[in-house]
Amino acid sequence: MTYGRSGVILLRLIAALPDGGPEAAIQHFAHRRQRRSFTLVVTVTLNTAVDKTYTIPAFTLDRVHRPTDWRIVPGGKGINVSRVLRTLGLDTLALGFAGGHNGGYIREGLVAEGIPHELVSTREESRVCIT
């Protein structure tokens with residue numbers, strides 16, 4: 001069987017999961033459910049980020065602007081999907097890669113938001129996105 005580049009990366013991610021891999025993670029969630037049917041949505045974020053959003057009211061050109069508010073949260077497409085699913089009351093597991101100080105911040109943020117996750121540590125620093 002052959003896998004594309006994304007498939008190989010996903011297989012490496014799954015193999016690197018601690019404590020029994022994805023089966024153990026799925027079982028962890030499954031035993032929490034009393035119903036017979038169980039749905040766990042697993043998201044994969046290959047490029048996690050620290051998302052910084054600054055609010056600038058009345059933005060105009062050729063002026064100095066200072067933000068009046070800001071929000072800093074863990075991000076990346078899969079993490080953002082997990083956040084929405086969690087808000088909707090669905091069970092989710094966020095998988096991905098995270099590294100450096102930013103990776104630690106991403107992990108802490110996911111814990112604070114109550115988003116279950118398994119992130120593989122990398123040597124490189126995770127990215128920061130500013131909006």
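**Close-up views of the protein**

**View A. Trp70 sits in strand E3, within a nonpolar surface patch.** Trp70 is exposed because its relative accessible area is 54%; exposed means over 50%, buried under 20%, and partly exposed in between, with a 1.4 Å probe and protein chains only. The model shown is predicted, so local features need pLDDT of at least 70 and side-chain atom pairs count only at pLDDT 80 or more, whereas totals for chains, interfaces and linings use all residues. Residues are numbered from 1 along each chain as its sequence is written, and side-chain values use heavy atoms, leaving out hydrogens and water. Strands (E, at least two residues) and helices (H or I, at least four) are DSSP runs numbered from the N terminus. Alongside Trp70, the patch is made by Tyr54, Ile72, Tyr105, Val128 and Ile130, and covers about 570 Å². Areas are Shrake-Rupley values with a 1.4 Å probe, and for residues only the protein chains shown count as cover. A patch takes residues with over 30% relative accessible area and no salt bridge, joining nonpolar side chains (Val, Leu, Ile, Met, Phe, Trp, Tyr) within 5 Å and like charges within 9 Å. Two strands, E3 (69-75) and E6 (127-130), each supply at least two of the patch residues.

**View B. Strands E3, E2 and E6 line up, in that order, as an open sheet with mixed pairing.** Strands E3 and E6 are at the edges with a single partner strand each, so one side of each has no neighbour in the sheet. From one strand to the next, the twist averages 20°. Strand E2 (residues 49-55) runs parallel to E6, and 4 bridges join the two; strands count as paired if DSSP finds at least two bridges between them.

View C. Touching, or contact, means heavy atoms within 4.5 Å. Angles run from 0 to 180 degrees between N-to-C directions, with axes fitted as lines to C-alpha atoms, for helices over the stretch in contact.

**View D. A second open sheet of 3 strands has the order E1-E4-E5 and parallel pairing.** At its edges are strand E1 (40-45) and strand E5 (117-122), each pairing on one side only. The twist here averages 15° from one strand to the next. Strand E1 pairs with strand E4 (residues 91-99) in the parallel sense over 6 bridges, and Thr45 has Gly96 in E4 as its bridge partner. Helix H3 packs on this sheet too, touching E1 and E4, with its direction at about 155° to that of E1. Helix H4 packs against E4 and E5, and its direction makes about 175° with that of E5.

**View E. Arg83 and Glu113 form a salt bridge.** Their closest N and O atoms are 2.7 Å apart, and a search of the whole structure finds 1 salt bridge. The term stands for a side-chain nitrogen of Lys or Arg within 4 Å of a carboxyl oxygen of Asp or Glu. The pair links distant parts of the chain, since Arg83 belongs to helix H3 and Glu113 to helix H4, 30 residues apart. Arg83 counts as buried because its relative accessibility is 14%, while Glu113, at 31%, counts as partly exposed.

**View F. Gly76 lies in the loop between E3 and H3.** Is this glycine buried or exposed? Gly76 counts as buried because its relative accessibility is 7%. Leaving aside residues up to four places away in sequence, Gly76 touches Thr45, Asn47, Ala49, Asp51 and Arg127. The C-alpha atoms of Gly76 and Val50 are separated by 8.0 Å, although the two residues are 26 apart along the chain.

**View G. Stepping back, the protein has 4 helices and 6 strands.** Along the sequence, they follow the pattern α-α-β-β-β-α-β-α-β-β. Of the 131 residues, 31% are buried. Among contacts between residues at least 6 apart in sequence, 64% join residues at least 24 apart. The protein exposes about 8,900 Å², and carbon and sulfur atoms supply 56% of that area.
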